[in-house]
Amino acid sequence: MTTEVTTSTPVEISGMGHRMKRKEDPRFIQGAGRYVDDIKLPGMLYLDIVRSPYAHAKILSIDASEALALPGVVAVITGEDLKKAGNLHWMPTLMSDTQMVLPIEKVVYYAQEVCVVIATTRYIAADAIELVQVEYEPLPAVVDPFEALKDEVIVRDDKEKKTNHVWHWEAGNKDATDKVFTEAGHTVHEKMHIPRIHVASIETCGMVADWDKINDRLTIYMTSQAPHAHRTVISLVSGIPEHKIRVISPDIGGGFGGKVPVYPGYVCTIVASLVTGKPVKWIEDRSENLQADSFARDYHIDAELAADANGMITGLRVKTLADDGAADAAANPSKFPAGLYSIGTGSYNMKAAHFEVDAAYTTKPPGGVAYRCSFRVTEAVHMIERMTDIMAHDLGEDPAQFRMKNFIKPEQFPYASPTGWEYDSGNYGGALQLAMDMVGYDELRKEQLEKRARGELMGIGISSFTEVVGAGPSKDFDILGIKMFDSCEIRVNPTGNAIARIGVQTQGQGHETTFAQIIAQELGLPASAIRVEHGDTDTAPYGLGTYASRSTPTAGAAAAMAARKILAKAKKIAAHLLEASEEDLEWDVDKFVVKGAPSRSKTIQEIAFAAYTNHPQGMEAGLEATNYYDPPNLTFPFGSYICVVDIDKGTGEVHIRRFVAIDDCGNIINPMIVEGQIHGGLTMGMAPSLFEEIVYDENGQNLSGTFMDYLLPTSMETPKWELGRTITPSPHHPFGAKGVGESPTVGAPPAIVNAVVDALWHLGVRHVEIPITPQKIWKILRDNGIDGD
Amino acid sequence: MTTVTLTINGNQVSREVEPRLLLVHYIREELNLTGTHIGCDTTSCGACTILVDGKAIKSCTMFAVQAAGRNLETIEGVAKDSLHPLQEGFWEKHGLQCGYCTPGMIMTAKAFLAENPDPTEDEIRWAISGNLCRCTGYTNIVESIRYAAQKLRQPEEKVAS
C-alpha cells in the first residue's frame, strides 16, 4: 500500500504534509508573472548575436561598417573590443576551464557567438546582424570524442598542451575490482551512449543589464538558477565590486539545469550596458538556445558487471568517455569533474567497483550542464539499471527477483558504498514490491508469455534507482571555491506574520508555498501568513541556488533551523509572559503551554507581539533568525519504476501502456507539489528515452535547432503516470526530507529501455540505444526477419 | 508604418507599427500585455496562444496588420469579476509549475471548451497537443481542464474533486 502522508498541524496552519494550493499561482494564471523578457526599462536597447556558420574556422576579418550604418544601430562589440576592455574575451567556466566570450582567432563550435550588435529595437538588431561581414577560413571539425582523442585536429590550441584530452578521473578500488572479476561466476559487458540532449525550458535564456553610472550600480535581471553565485562570478570577471552588483532572478520559465552556467550572451549584455550607459536586453530565440547552450549528457559508457555462481552481484567496472564540447563548462561541484557518477553501484550490494572517466574536447558547444539531473546521476543510473537487467536476463532470472536478492537491505543502512558514499536510508525491496503489486507484475508476465506465443511484442521493464542529491557538505562540495551551503532568513513581524528569504530560487518548484509550509510546521504561524522571497541578491541571504534537487535538503533545512532558533527565543519570551520557567513549558502546534495547566499558554502570535512590545529586560527585541545550513551528508532518494510497453511490429513504434512509479523522497512537505514534480520528471525521463537527441552532422552542424527537429513530448505521447510512494525519512535532515525534483528523470529512462529490450530479448537483442525511435526498432525487427504482418 | 486598430480584452486600441511586426510583439511590446509569452518562433510551443474572434491562434505566426479590425482576447482578459473556471482549475489541480506555458494553455482550452463543453480525456489531450509544457507532464493540465469543463457546464454545483 502507498504510504499516506501524515500531518500534525490543522489546515488553517498548513504545515508539513498538507496539499496546500500554491501561493504563486494567482499571478501565473492571470498573466501577471514577470519573466525577464517582460522587463522594460526606459531607454532600453536590444542586443543580438552574430553566430558562426562553421563548427571550426579561423576568423580572418569582421567588418561591421554596414551594420553600424543602419539607423538605430548603436554599437557592435567584437572579441577585440572585449580584449581591450580588460581581457573580457575569455571567461572562466564553473569547472575552472576557460571559454571564449567572443573569439579573436577562431571559432570552435557551430552557432558560436562571434560578435554582438546593440540597437534601439529588437527588429533593427536582428536586421543588423545580417549586415556584419565575417570572413572565415574553415578548419576540419571533430565531432566524435574518440576521434578527438587521436589529436589530429586540436580544438583548443590556445592551451599549452596540444591535446583534446581534458582530464582523467577515477573512483573506487581498481585492484579489488579486477580481483572480483577474475573470480566471477558470470560477467556481462555492454557499451552504451547517453546522447547529447537539451533542457529546452519553454523560456529561453535572457538578461536585462542596467548600468547606472550616476549611482554606480549594476542591476541585472537574469534567467538565473543561482543569482548569488552569478553575482560573484560577474564581479570576479568584470572587476566591479560585488556590493555594486544586484542580480535579480525574476520568474523563471523553467530551468532544469540550463540556467546554472554563465553563457557568453550574458557577459556581452553586461558589457553592452557598460559601454552604452543604457539598459540592454538580450533574449535568445529558440534556435539560438537549441544550438548554443544548455546541453547535457554525452557520455560514452563501457560497463562490465560481475556476479558469483549464485547470481549475487560482486563487482562493477566502468570506463567512460565524456564529450565536453569546446570547453569543460559542465555544472559540477569543483572536486567532481564527472559529477556524482560513482553512485553507479546503485541500489545493489557489491564488494568492489571501479570507475574511470576521461573527457575530450570536440568542436561542439560546451556540454555537461544538467538536464534535470544531479551531476551525472542519470548516466550512472542508466548504466547500472541496464547492466542489472542484462545480467538477470543472461542468467535466466526474473529481473524483479534478481533485483530483490541483490538489493542493499534496510538493516545495512547507513550503507558504505564501494565508491565511498554513505547512503543515509533506504528500503529498496519495499518500493519494488509496491510497484509490482500496483502494476500486477505476475499477471503481466503471464500475458507477455501468451502474447509472445502469438508473435506479439510486449515488454516489462524495471528500474530500481538510487539518487544522490542535496549537495553538499562543505568538506567536499564547492563551486569555484564557494561552499555548497544554503540559507534562510526569517523575520516574524509584531502582528504575527512573517517574511522568509531564501538562498535558493524557484523555477516552478513552488518554493513560495513549500518554504512557508516548512516554517508553518516549525513555528505554528499559518503558511498563508508567511511570505517567501527569493531571487534578489540585495535582499536574500547568500545561497548557491536551485539545481541538483538541493533546495529542500539544503535551504529547506536552513528554513527549519532558522525557525528553531526563533522558537528558542520565543520560548524565553513565553516563559517571561507566563511567569513560568522554560523547563515548565511545552510546545503544542502553535503555542507554548505550561505543563499540567493547559489554560495557561501563549500563542506564537502573542509571543511575536511581545517580542517588540514586552520583551524581557536584557533580551534583544525582535524575533528573527538566519541560518546557513551545511548538510552533514548528501541525501539518497530512491524508487522503483515499472514500465509496460507494446511494440508495433509494422511501424516500430513503442507505446507505453503503463508506467507505475514508486518514489521515496523521505518526509513530504506538500504531496500535491511532489506529485507534480514526479509527473514532470517522468516526462523528462521519457523524452530522451524515446524522442530527444541533439544531432550533429560530420561538419559539426546542429541538425536539431528547432522544436520541429528536437521533439519535446506533447500531451499525446505522454502517458498517464501512476504514482505511489513509500516514506523512508533521511536520518540526518532536520525534518527527514530528501528532495525529489530529479529522481523521476534519473529513474525513468532505464525502465523504458529495459521494457523495450525485454520485449525483444528472445530475438537476441541485448541493448537498444536511446532515443528509441521507431526507425531503430523497425530496423531491429526487419534484421530479425520480423515484418509487420 | 501602418495603423493597426483592433479590440483586445474589450478595449479598442490603435498603434502605428511596421507592417512586419508580429502580433505577439504588438501585444507584448506595444500594449504591454506580457502574459502572452514567446517560446519557440516556429509555431510549435503555443506559449503565445491568444483568441482571435474566439479562435485559438499562435500570435508569433501572425502579423499585427492581419489582426486589424478583429476582436482579440489574451490571458489578461480572462478573469472578469472573479477567476474563470479554467484559471480556478489550473490552481486547484496544480496544472502549472513555472507558469510560462500556462496562459497559452488556458487560451487554447478556452476556445476548445467553447466548441466541446463535455470532452473526454483523449479529446482534451488532442486539443492541447499544440501547446508544450516542460514542467507538468500534462496529467494535471488535463485534470484542470476537466475541472473547468464540469464547472462551466454546472456552475452552481460543487465540482467533484
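The model is predicted. Chain A has 789 residues and a radius of gyration of 28 Å, which agrees with the value near 28 Å for a compact globule with that number of residues. Chain B, with 161 residues, has a radius of gyration of 16 Å, close to the 15 Å of the globule rule, so chain B is as compact as a globular protein of that length. The contact between the two chains takes 40 residues from chain A and 41 residues from chain B.

**Chain A: overall build**

- Chain A contains 19 helices and 32 strands.
- The C-alpha trace of chain A spans about 85 × 75 × 50 Å along its principal axes.
- Buried residues account for 59% of the 789 residues of chain A.
- Among contacts in chain A with a separation of 6 or more, 80% are between residues 24 or more positions apart.

**Chain B: overall build**

- Chain B holds 5 helices and 5 strands, and from the N terminus its elements follow the order β-β-α-β-β-β-α-α-α-α.
- The principal axes of chain B give a C-alpha span of about 55 × 30 × 25 Å.
- Of the 161 residues in chain B, 54% are buried.
- In chain B, 60% of the contacts between residues at least 6 apart in sequence join residues at least 24 apart.

**The five-stranded sheet of chain A**

- Five strands of chain A form an open sheet with mixed pairing, in the order β9-β17-β16-β15-β10.
- Its edge strands are β9 (165-172) and β10 (186-198) of chain A, each of which pairs on one side only.
- On average, neighbouring strands of this sheet are turned by 10 degrees against each other, direction ignored.
- Within the sheet, strand β16 (residues 313-325) and strand β17 (residues 352-361) of chain A run parallel and are joined by 10 bridges.
- One position in this pairing is A:Val318, whose bridge partner in β17(A) is A:Phe355.
- Helix α10 (residues 377-395) of chain A lies across β10, β15 (295-307) and β16 of chain A, and runs at about 145 degrees to β10(A).

**The three-stranded sheet of chain A**

- An open sheet of 3 strands in chain A has antiparallel pairing and the order β6-β2-β8.
- The strands β6 (106-107) and β8 (133-138) of chain A lie at the edges, each pairing on one side only.
- Strand β2 (residues 57-63) of chain A pairs with β6(A) in the antiparallel sense over 2 bridges.
- In that pairing, A:Lys58 has A:Lys106 of β6(A) as its bridge partner.

**Strand β1 of chain A and its partners**

- Strand β1 (residues 45-51) of chain A is mostly covered, with 6 of its 7 residues buried.
- β1(A) runs antiparallel to strand β7 (residues 113-119) of chain A, and 6 bridges join the two.
- The bridge partner of A:Tyr46 in β7(A) is A:Ala119.
- β1(A) also pairs with strand β14 (residues 280-283) of chain A, here in the parallel sense and over 2 bridges.
- In β14(A), A:Val280 stands opposite A:Leu45.

**The largest nonpolar core**

- In soluble globular proteins, nonpolar side chains tend to be buried together.
- The largest nonpolar core has 309 residues, of which A:Val117, A:Ala370, A:Ile519, A:Ala559, A:Ile642 and A:Val756 touch the most other members.
- Helix α15 (residues 551-578) of chain A gives the most to this core, with 11 residues.
- Leaving aside residues up to four places away in sequence, A:Ile642 touches A:Ala435, A:Met436, A:Val439, A:Tyr441, A:Ile460, A:Ile462, A:Val660 and A:Ala751.

**The contact between chains A and B**

- The contact draws 40 residues from chain A and 41 residues from chain B.
- On the side of chain A that touches chain B, α1 (25-29) and α17 (671-690) of chain A each supply at least two residues.
- α17(A) gives the most to this side, with 6 residues.
- By class, the side of chain A that touches chain B comprises 15 nonpolar, 16 polar and 9 charged residues.

How values were computed:
Residues are numbered from 1 along each chain as its sequence is written. Chains are lettered from A and ligands numbered from 1 in the order in which they are written. This is a predicted model: local features need pLDDT of at least 70, side-chain atom pairs count only at pLDDT 80 or more; totals for chains, interfaces and linings use all residues. Helices (H or I, at least four residues) and strands (E, at least two) are DSSP runs, numbered from the N terminus. The radius of gyration is taken over C-alpha atoms; the globule rule is 2.2 Å times the number of residues to the power 0.38. A residue is buried if 20 or more other C-beta atoms lie within 10 Å of its own, exposed if 12 or fewer, and partly exposed in between; C-beta atoms are placed from the backbone. Two residues are in contact if their C-beta atoms, placed from the backbone, lie within 7 Å. Two strands pair if DSSP finds at least two bridges between them. A nonpolar core is a set of buried Ala, Val, Leu, Ile, Met, Phe, Trp, Tyr and Cys residues joined through C-beta atoms within 7 Å. Axes are lines fitted to C-alpha atoms, for helices over the stretch in contact, and angles run from 0 to 180 degrees between N-to-C directions. Ala, Val, Leu, Ile, Met, Phe, Trp, Tyr, Cys and Pro count as nonpolar, Asp, Glu, Lys and Arg as charged, and the others, Gly among them, as polar.
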